[in-house]
Amino acid sequence: MSGVNTGSRGAISAEDLSMSETREVMLDIQGLEVHFETRRGIARAVNDVDLQLYKGERFGLVGESGSGKTTMILALLRMIKTPGFIAGGRAVFDDGTDLLRLSPEEVRENRLRRVAMVPQGAMNSLNPVMRIGQQITLTMREHGEEGTKVEFQDRVAQLLDQVGLKPEVAQLYPHELSGGMKQRACIAQAISLSPRLILADEPTSALDVVVQRQIMQTLRQLQLQLDATVLLVGHDMGLMAQFAERVGIMYGGKLVEVGAVADVFRNPQHPYTQLLISSIPSFERRGTFKGIPGVGLSLLDSPTGCLFHPRCPQAMERCSRDEPGLTQLGPGQHVSCLLYEKDESHATSA
Amino acid sequence: MPPLLEAQHVRKVYKGGGGLLGADTTQTVAVDDFTLAIDGDTPSFTTIAGESGSGKTTIARMLLGMQPPTAGTVRYRGMDIGSMTKEQRRTFRQDVQAIFQDPFEVYNPFYKIDHILTTPIEKFGLASSAQQAAEQIDEALRTVGLRPEETLGRYPHQLSGGQRQRITIARALLLKPKLIIADEPVSMVDASLRATILANLHKLYTDFGISFIYITHDLTTAYQVSDKIVVLYHGTVAEAGTVEQVIKDPKHPYTRELIHSIPVPDPGNAWIEGAIEEKDTEVTEAVIGGCRYAPRCAHADERCGQMPPLYRLEDGRVASCVLYDKQEALADGDLTRIIGTTHKQSE
């Protein structure tokens, strides 16, 4: 295969530099580790993840349940609860702030101003006994915003307008809103302090497709207006293909492939990504069902070597022994698979 | 011979619920006049599709006898399922099986998987010996791609969502039903296993001649597995026909909007381009007795104040929209003529 570059992990190649000329790195995640302590041992929910998010981009993080995608964004929000803990790594903003080393007080100051979250179930994240306007005002006040009642009313009206809601919605209670309107209200709250990074965890999974499209269009418009970066987490490949500019594929807590959305969907390189893409039901093929063989990974009983090797149709002998690093294949495309790594570092005599 | 299962002009009205935005609606028409028969001899694979509030699950529950219709009747082999004898109910429960979204919500977590599979064999006297029962279980598990030695002896919590759903399919298979009504069977299953489960269901149709009613909001999987499709909108049938007709070339304005809203897994589409506007798609106050979709519809005019019948288009499908009022209306709204005459795919 031409163009295969066996750059060692973490090394910056010429292509990487050319990418960074066009796009500024906003958040640099290195070696992120999130572990969960269980009676049966330590589960590595996020396993040595390196990821750079560019300023103003839409990045999609794809994975099945248990792949660590949600845990990863909870780590960035510093919302990992015991028995889970951040076991290592850093997540450094372009101004030098490391999200993983903030004090509890700094975490609070950072939320909404720097990092905001659009939740999965809008229904469960709004206070049922508080009017929408009050909730947004309270949130802003709690994060240190000051002003008069009228000033806040104006800001709330403006935020509601930004997400396509009428100002009257401020007077309503959550139960008076439809699912789509609730999700819009949550987005209004999330953008209230103009965050630089918006984390969205399957924000439309509870909504109908027609509403889903409107919400995602809204999120994109806001992202452009704020020049914010959106990290969208989910398993809906159609949604990822349409929303994201770059995607990352997670398996068993590891990032196995990263690339531009068109490259990953049209020319996937990791065997898992290839199977995942070919398992997507489409309007092209009827009556053909291609699943991924084998069973999902247990984090407590992980295989040695590459985590995917027991299910991988292209597994080689050394896949059960050697752990693959991230190999750069082309500009901005990285894959963690031994198929693309020369067997130099590991003596063949092993 | 009467059909295996038929819904005749069924209607379901829920009383007392407050509407969205606090509107004082005293009743909600969940399903309005639905007629469809499933033949017992010719297998068919039909999707009933719709978004939340479309009435698709209510139809499934009425067909399964879990909920009585407010008006109309559901008949099993000609008998009103509301007034069957105990013995008749028994055969009904064997002939018509259900697969739900998350079956393990209703199973006892303290029982092993084996219990889920042996109970129907005992209840319906399917095996004459313990060994025969074990063989049947073995075969059913293998048919859905599970290894018996890795499945039996375990508890529900020890299995993944995909494995659990395959066990309910294996359980349904043990009873050799004529019809399986599957309500969102893959919506809680991971993408990589979704295809496997759908392949299992499809195999029961093609290899075992079991008919399916597949209830879903997901038109992509509907297209994959089924031959015919009924698209519901707020309790009424918007469009029905073959999946090729309805999904590839939708005619009803609602079906069009629905299909164009699906994010296709092919980057570079204009799906995400669009202004921020709250289109009020969920809060629509249709004229009573009028087309339910009219408040959202770009084509709506004064004719939409009356519920349009299902017009039969040239290609044989039906659509309930005045855009097609030059066509003949489907007599009695009976969908059986449109989608009930499926013949097994010739392969």
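Because the model is predicted, local features need pLDDT of at least 70 and side-chain atom pairs pLDDT 80 or more, whereas totals for chains, interfaces and linings use all residues. Residues are numbered from 1 along each chain as its sequence is written, chains are lettered from A in the order in which they are written, and side-chain values use heavy atoms, without hydrogens and water.

In chain A, domain 1 comprises 14-114 + 195-283 + 290-339 and domain 2 comprises 121-194, with bounds from an automatic or database domain assignment. Their centres, taken over C-alpha atoms, are separated by 29 Å. Contact (heavy atoms within 4.5 Å) involves 18 residues from domain 1 of chain A and 19 residues from domain 2 of chain A. The buried area, that is, the accessible area (1.4 Å probe) lost by two parts on being put together and summed over both, is about 1,600 Å² between these domains, and carbon and sulfur atoms give 63% of this area.

One salt bridge (a side-chain nitrogen of Lys or Arg within 4 Å of a carboxyl oxygen of Asp or Glu) is counted between domain 1 and domain 2 of chain A. A salt bridge joins the side chains of Glu145(A) and Arg113(A), at 2.9 Å from N to O.

Over all chains, 11 aromatic pairs are counted; rings of Phe, Tyr and Trp (its six-membered ring) pair if their centres lie within 6.5 Å, and planes under 30 degrees apart count as stacked, over 60 as edge-to-face and the rest as tilted. Phe45(B) and Phe212(B) form a stacked pair, with 4.8 Å centre to centre and 15° between the planes.
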